[in-house]
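Hi there,

Here is the structure I promised to pass on to you. Please have a look at it first, and then read my notes below.

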Amino acid sequence: MKLIVTGGAGFIGSALTLHLLGEGHDVCVVDSFTYAANPDSLKPAEANPRFSLQKLDIRDVAKIADLVAATKADAILHLAAESHVDRSITGSAPFIDTNIVGTYSMLEAARGFWSTLKGEASKAFRFVHISTDEVYGSLGPEGFFVEDSPYDPSSPYSASKAAADHLVQAWQRTYGLPAIVANCSNNYGPRQFPEKLIPLTILNALSGKELPVYGDGLNVRDWLHVEDHARALYAILTKGRPGERYAIGARSERRNIDVVNAICDQLDKAAPKAHPHRQLIAFVKDRPGHDRRYAIDPSKIERELTWCPVYSFETGLAATVDWYIANPEWWEPLLKRL
């Protein structure tokens, strides 16, 4: 297939790009290279003749439409987004521009191209929109998010992603665009920007810095290794049904404090210091609107698309810690930029 991946220089986008190339497809990455994008994440793809890279703003409908037509894309996988909750609280405008207006632009470009296709090419075309479980808000101590859970976003970030989801579903229902929505749980793994919990904790600990934990540390997240996520998105692309939604999770709920403790324990073995890394933990003021618990029931994608995660949280976290220890040339320039 000829595929377009928006946000392909980001964390999840680069992992997906490498997976798609490994499956033998042509991949054109579209990225405007905002602060969280890193071209070094795509270095393993540079020598592949099936890989190409376009620096474009997804809000530019005309240029995106020209690219889709020139590429003769069989599918668009839309990941480009502002994604950090804390940043959305202190400055929401980029989240509205990228996540809502940008998704509208991608939908219009996709619809314009798809309307020119005939027969099997029209039926085979896909627009896969990658979203988050945060659109559903906060769970209590029991229960799980599923595909038809009601939307109840808490932050400007999750509200912008909820709006994007609704746009995609509207374009599918109104225009018939063969679109699919994927809502995933928290991702982790190599090449994640250092502002997120797991890489922030690893890199602070390696530097002997304080390890901040919001509130009481008992907020629960459901963790999904990014390479398992890439495999899930490939299953959705190749076997998913237009108009459907798929919730992606690895059944790996962990409290934030337990994640930080696990990282400390792994670092005590892999990069020991004079004192246990847990001594660096510092509880800090909770952020506004901090959802208490997320958890996904992935039964639908497991059952219908025969996908299941390869990584347990323990094996995935250990591999992630080892990757950051072994690859300072990837993250040191980012820390200097931050």
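In β11, Arg-254 is the bridge partner of Arg-221. Please keep in mind that this is a predicted model. The strands β9 (residues 220-225) and β11 are antiparallel to each other and are joined by three bridges. They belong to an open sheet of three strands, in the order β7-β9-β11, and the pairing in this sheet is mixed. At the edges sit β7 (186-188) and β11 (253-255), each of which pairs on one side only. From one strand to the next, the twist averages 50°.

Two helices lie across these strands. Helix α9 (residues 256-270) lies across β9 and β11, and its direction is at about 85° to β11. Helix α11 (residues 313-326) lies across β7, β9 and β11, running at about 50° to β7.

How do α7 and α9 cross? The axes of helix α7 (residues 197-206) and α9 come within 10 Å, and the crossing angle is roughly 40°. With that angle, α7 counts as oblique to α9, and the crossing in which α7 passes α9 is right-handed. On the α7 side, the contact is made by Leu-197, Ile-198, Thr-201, Ile-202, Ala-205 and Leu-206. On the α9 side, the residues are Asn-256, Val-259, Val-260, Ile-263 and Leu-267. Of the residues in this contact of α7 with α9, nine are nonpolar, two are polar and none is charged.

Finally, there are two residues whose backbone I would like you to look at. Most residues other than glycine have a negative phi. Lys-72, however, is not a glycine and has a positive phi of about 55°. You will find Lys-72 in the loop between α2 (61-71) and β4 (75-78). Is Lys-72 buried or exposed? Its relative accessibility is 59%, so Lys-72 counts as exposed, the cut-off for that being over 50%.

The other residue is Arg-191, also not a glycine, with a positive phi near 70°. Arg-191 lies in the loop between β7 and α7, so to speak on the way from the edge strand β7 to the helix whose axis crosses that of α9. Arg-191 has a relative accessibility of 22% and therefore counts as partly exposed.

Happy browsing, and do write back with your thoughts!

Best wishes

Key:
Residues are numbered from 1 along each chain as its sequence is written. This is a predicted model: local features need pLDDT of at least 70, side-chain atom pairs count only at pLDDT 80 or more; totals for chains, interfaces and linings use all residues. Side-chain values use heavy atoms; hydrogens and water are left out. Two strands pair if DSSP finds at least two bridges between them. Helices (H or I, at least four residues) and strands (E, at least two) are DSSP runs, numbered from the N terminus. Axes are lines fitted to C-alpha atoms, for helices over the stretch in contact, and angles run from 0 to 180 degrees between N-to-C directions. Contact means heavy atoms within 4.5 Å. Angles under 35 degrees count as roughly parallel, over 145 as roughly antiparallel, 65 to 115 as roughly perpendicular and the rest as oblique. A crossing is left-handed if the near helix is turned anticlockwise from the far one by less than a right angle, and right-handed if clockwise. Ala, Val, Leu, Ile, Met, Phe, Trp, Tyr, Cys and Pro count as nonpolar, Asp, Glu, Lys and Arg as charged, and the others, Gly among them, as polar. Buried means under 20% relative accessible area, exposed over 50%, partly exposed in between (1.4 Å probe, protein chains only).
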